[in-house]
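I open this notebook to record what I looked up in the structure, entry by entry.

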Amino acid sequence: MESMPILTYAIMAITCIISYAAFNNPSLKSRLLFHPNTIKRQRQWDRFLGHGFIHSGWSHLIFNMVTMYFFGQNVELAFKVYFGQTMGAVHFLLLYFVGMAMASVYSYFKHQDNPGYAALGASGAVSAALFASIIIYPGSSLMIFPLPIPIPAIIFGPLYLAYSVYMSKKGRDNIGHDAHFFGAIFGIIYPLAVKPDLVLLFIEKVKNMIG
């Protein structure tokens, strides 16, 4: 029986439910925000994960979940092929949730004494899934409205990071744009660490793409 990306769908569903709840509940949103100063003062380490389940609005949520839908399931199914159903699921959950936490470590140390800084969103974890998928399937693609043609993942990834860097420099919202970059780095390192032969497979696939 062919495996289904149940974990990807479950993560998306739970994220949408909690994000929607936070849209209408400022107290919930405030409690889950990634707020380094509060983490430092009150030892609320759960915020390293909690912020990944809330978003600044519908466009933020939809963008992250569409990206997760296209690329998260690729990684989940690939991991289950590489490592078996149980360990594949474990590796996928580690990629997503450790990636979510690790993506915010830089921001924590940078802003731990800044009470005015806060961030939210699953961007770090989604970036980890996105770049893990690029490592595994560099030839996959994503349709982005209103562009009429699919964008190869190997091109979409750098564009995604460029957008994140640009928005991080603007600093006009509470989206964890810094987390995009560090989530991406984790998404590259993790699959290569647990399955080193992906390096040669990636190189071979890219060679085939460019002829």
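This is a predicted model: local features need pLDDT of at least 70, side-chain atom pairs count only at pLDDT 80 or more; totals for chains, interfaces and linings use all residues.

**Entry 1, helix α8.** I looked up α8 to begin with, and I find that its 14 residues reach 20 Å from the first C-alpha to the last, close to the 20 Å expected at 1.5 Å a residue. The expected span is 1.5 Å times one less than the number of residues, and helices (H or I, at least four residues) and strands (E, at least two) are DSSP runs numbered from the N terminus. I note that 14 of the 14 residues of α8 are buried, so α8 is largely enclosed by the rest of the structure. Buried means under 20% relative accessible area, exposed means over 50%, and partly exposed lies in between, with a 1.4 Å probe and protein chains only.

Residues are numbered from 1 along each chain as its sequence is written, and side-chain values use heavy atoms, with hydrogens and water left out.

I then turned to S123, which lies in helix α8 and counts as buried at 2% relative accessibility. The side chain of S123 makes a polar contact with the side chain of N64 at 3.3 Å. A polar contact is a pair of N or O atoms within 3.5 Å; within protein, one must be able to donate a hydrogen and the other to accept it, and residues adjacent in sequence count only if both atoms are side-chain atoms.

For α9, residues 153-170, I checked the length: at 1.5 Å a residue its 18 residues should span 26 Å, and the end C-alpha atoms are 26 Å apart, which agrees. Which residues of α9 are buried? I list A153, F156, G157, Y160, L161, S164 and M167. They cover an arc of only 135° around the axis, which puts them on the same side of α9; the arc is that of the directions from the helix axis to the C-beta atoms. On the other side of α9, Y166 and K169 are exposed. The buried residues of α9 pack against α5 (58-83), α8 (123-136), β1 (141-142), β2 (151-152) and α10 (177-194), where contact means heavy atoms within 4.5 Å.

Leaving aside neighbours within four places in sequence, P158 is in contact with F131 and A153.

Helix α1, residues 6-23, has 18 residues and reaches 26 Å from its first C-alpha to its last, close to the 26 Å expected at 1.5 Å a residue. Its buried residues are T8, I11, M12, T15, S19 and A22. They cover an arc of only 100° around the axis, which puts them on the same side of α1. I find that what covers these buried residues includes α2 (26-32), α5 and α6 (85-102).

Another is formed by K40 and D113, whose closest N and O atoms are 2.7 Å apart. This pair too links distant parts of the chain, K40 being in helix α3 and D113 in the loop between α7 (105-111) and α8, 73 residues apart. K40 counts as partly exposed at 30% relative accessibility, whereas D113 is exposed, with a relative accessible area of 57%.

E76 forms a salt bridge with K80, the closest N and O atoms being 2.8 Å apart. Being four residues apart in helix α5, E76 and K80 are separated by about one helical turn. E76 counts as buried at 0% relative accessibility, and K80 is buried, with a relative accessible area of 10%.

D178 is buried yet has no salt bridge, and the nearest side chain of opposite charge, K110, is 4.1 Å away. For charge, Lys and Arg count as positive and Asp and Glu as negative, while His and the chain ends are not counted. Not counting residues up to four places away in sequence, D178 touches A103, Y106, S107, K110 and S168.

How values were computed
A salt bridge is a side-chain nitrogen of Lys or Arg within 4 Å of a carboxyl oxygen of Asp or Glu.
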